[in-house]
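Good morning, colleagues. Please look at the model on the screen while I go through its interfaces, its domains and a few individual residues.

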Amino acid sequence: MGRALLIALIGAAAFAVLPALLPSYYLGLVTKMMIFALFAMSLDLMVGYAGLASLGHAAFFGLGAYTVGLLIVRAHVSEWIAFPAGVLAATAGGALFAALALRARGSYLLMITLALAQVVWGIAFGWRTLTGGDDGLPGIPRPVYFISLAGETAFFYFVLLFTGISALLLAAIVRSPFGRALRGIRESETRMQALGFNVWRHQFTAFVIAAGFAGLAGCLYVYHNRFVSPDFLHVVVSAEALIMVILGGVGTLLGPAIGAALIIFLEDFISSQTQRWLLILGIIYVATTLYAPRGIIGLYKEYTARKKQR
Amino acid sequence: MSALEVQNAAKNFGGVHALRGVSLSLEEGERMVLLGPNGAGKTTLFHTISGNIIATSGSIKLFGADITRLAPDARARLGVARTFQITNLFANLTVLENILLAVCGADKLTFRFIRPLEGYSGIQARARGLLDTWGLSAAGDTLVRNLSYGEQRQVEVVMALSGEPRLLLLDEPTAGLSPAETLRVVEMVRKLPRGMTILMIEHDMDVAFEIADRIAVMHQGRIIAEGDEIAIRGNKEVSDIYLGVEETDA
Amino acid sequence: MIWVIHTLNGVSFGMLLFLLAAGLSLIYGLMKILNLTHGSYYLIGAYAGSTIVAKTGSFALAAVAAPLLVAGLGAIMERFFLRRFHLDELPQTLLTFGFLFIFADLCLWIWGGDPVLLPKPVPLASSISIGGSSYPLYRLFLIAIGLVIAAALWGLQEHTRIGAMLRAGVDDAEIARAMGIDVSLLFTLVFSLGAFLAALGGVLGGPIIGASPGADFEVMLLAFVVVIVGGLGSLRGALVGGLLIGLLDNFGKVFFPEFALFTIFVPMAIILSFRPTGLFGRA
């Protein structure tokens, strides 16, 4: 635990000095990486720990984002209310989805989460008078919480604070008795029941927690972009979160954060070099599945294990 | 009051009668072994007691409380523990982690989100104590999937014990074990506290007679004989149906 | 009379959805694969069909050759990629999603970003009069061919050796294997058949829906809704679900344009909450 704390402190310090080193564009890119790292970690709680595969995680990301956007643009509500309301809406959405979807498992669960997320996308896309439809809601200013967060540096620290705290909370959750029980459920539901665990209630709670953190990421992203559109809710975003989790290393939290940073970086870098980003992204999906199913963390562990053997 | 009272339990699977009205009763601290050929309904009866299957009709009472329709986890919290015929452990966790989960379940320590499990010293001590008591300390950090089959069966029994259950259901704990491993498991069961009520499915006659206070023989979804060793060995129907089958079955 | 027109529109669209959902449903029923590339098969079918029609002028040739090409593509995906991850849903999902991206970008590369509409085959390009208003003959042809294919698939499933193997495999692949059925070949055949049907949907839908970037997603999602409503692994579910969603989509667009997608998704969510396995799915 001491070592982990030390690493966390060094990591935090390294992040803290970034604004002094990076030009504003790249600082914005790192901010985006942190937001998606949070999003991917929240999905990892479901996929990697609770063993619940989801293709609808973007729904909670988008619910958070749209709640903030709508409250600020349409209802002119204080950002002190809009931000927590966004997280709350995503959490509530998670509870509803979980209640509907948790009877299914495996690929059926994937399909149902996908379909439910598509309902939310359908609302955002179709209800033009409220959501602006395809055009989305532009003109969402970055908030003022005591100080203005309009500048890249101030906003970077704002996101760093939330992502950092969330990462610590998630890391605590997966080591807690609750998190251990989730791992047990992933391995064998019948055994956990025989030991007196209410499996459904555990999975439901994990689902809702994951939705809440995904909603938080969505709220941060809407401020980052100053804009929200149905693209936030698209199944591509759900799938992107999934590849971030797998590419980094499922069930490790750190891995999905790395995976998120890598995908965001590649997207930015490759898009600036060629038109064929989608093709390359597809190849990343296929290659990861074939050659690195345990992700970057898995490859690293294999490497150190082999070194130890020698 | 009986520890376990099964009354007229029946179970149909789409027209197939797996249980045709089974009644049995165990006093507190009694050890009963269920014998019977494959397909006699022993495991189905177990499932209806543990809650993995809900009986089509009939009732099941645990220390007087009706548990006929309760979910498996609710029954576990009332003191029913079981092992599975096919080893059902957390293969990718260590032995200690397996036992820790069992102790957490028994202590209803489930919805705690912040402090790491390592920080609950009482739980840790109990899990390590169980490993010590049952001679599994050396294997504590081994992944369960790397254990021998015999060791896995032992872990399975220890997990069931960790909640100090009032009713322990053992589904063929010695199936597939070598004679030496069988002996070890039989020793484990004999060492259990006398107050614990035990119902056990067993194929091996010698093991059954060694452990049981009373034996029930099942055939085609019914109990056809019940009694002590002498009564069962002397029962004509049993030797026709079961003892004959067992020779070819083994 | 407007009702008849809308109903016919809904039914003909429903038949296209059936073609897509039937393959998706069979593949899921047999292999438990959630094939996210299914919409791409539609798209490639439509694009390749348009090229074949442009080069040869024969719609009939397009309706055979393009689906065969896509069936080969499906066979390759199943044999060399998906097979390695049998019953492991996460890698299967990532693989099929990866192929979705790859195919989408390749299509954009080859056929560009402008929407492509296939010309209707000449004998079917005219309209007939229904109660005073003219109605395109092609849509009636779609309904007829949808029924023919549904009957053919049903016959295949119920009355042929392959169908018997398929039914055994859907019930329990392990037992089917133990019975000496070549499950490996069956998997490839069914996967290709699914791809074939989706691509056929692409060619047949080409004159009314057409092909454009993003159509792969839309079509895939509609097909998913159909199998959720109808029940996975069931041909009857794919047919009934396809017709239901086709009609709901059509009437939704007419009466609640702002909530067009809603008229599909709300019934889906309701069915999901009361019958999680769909109308005809097995538990």
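This is a predicted model: local features need pLDDT of at least 70, side-chain atom pairs count only at pLDDT 80 or more; totals for chains, interfaces and linings use all residues.

The contact between chain B and chain A takes 28 residues from chain B and 21 residues from chain A, where two residues are in contact if their C-beta atoms, placed from the backbone, lie within 7 Å. On the chain B side, α2 and α3 (95-106) each supply at least two residues; helices here are DSSP runs of H or I with at least four residues, strands are runs of E with at least two, and both are numbered from the N terminus. The most comes from α3(B), with 5 residues. By residue class, the side of chain B that touches chain A divides into 16 nonpolar, 7 polar and 5 charged. In this classification Ala, Val, Leu, Ile, Met, Phe, Trp, Tyr, Cys and Pro count as nonpolar, Asp, Glu, Lys and Arg as charged, and the others, Gly among them, as polar.

Residues are numbered from 1 along each chain as its sequence is written, and chains are lettered from A and ligands numbered from 1 in the order in which they are written.

Chain B and chain C, by contrast, do not touch, and their nearest C-alpha atoms are 14 Å apart.

I turn to chain A itself. Chain A has 14 helices and 4 strands. Its radius of gyration, taken over C-alpha atoms, is 19 Å, close to the 19 Å that the globule rule gives for 310 residues, so chain A is as compact as a globular protein of that length. That rule is 2.2 Å times the number of residues to the power 0.38. The C-alpha trace of chain A spans about 55 × 45 × 40 Å along its principal axes. Of its 310 residues, 56% count as buried; a residue is buried if 20 or more other C-beta atoms lie within 10 Å of its own, exposed if 12 or fewer, and partly exposed in between, with C-beta atoms placed from the backbone. Among contacts in chain A between residues at least 6 apart in sequence, 77% join residues at least 24 apart.

Next, the domains of chain B. Chain B is divided into domain 1 (1-79 + 166-250) and domain 2 (86-164), with bounds that come from an automatic or database domain assignment. Taken over C-alpha atoms, the centres of these two domains of chain B are 25 Å apart. Their contact takes 12 residues from domain 1 and 9 residues from domain 2. On the domain 1 side, α2 (72-77), β7 (167-171) and α6 (179-190) of chain B give two or more residues. The largest share, 4 residues, comes from α6(B).

The largest nonpolar core has 285 residues, and those with the most contacts inside it include Phe39(A), Ala260(A) and Ala199(C). Such a core is a set of buried Ala, Val, Leu, Ile, Met, Phe, Trp, Tyr and Cys residues joined through C-beta atoms within 7 Å. Both domains of chain B give residues to this core, so it lies between them.

Is Lys11(B) buried or exposed? Lys11(B) counts as buried because it has 23 C-beta neighbours inside 10 Å. Lys11(B) lies in strand β1 (residues 4-13) of chain B.

Phe146(A) has a phi near 65°, a positive value in a residue other than glycine. Phe146(A) sits in the loop between β2 (144-145) and β3 (147-148) of chain A, and with 5 C-beta neighbours inside 10 Å it counts as exposed.

Leu87(C), also not a glycine, has a positive phi of about 65°. Leu87(C) is placed in the loop between α3 (59-80) and α4 of chain C, and counts as exposed with 11 C-beta neighbours inside 10 Å.
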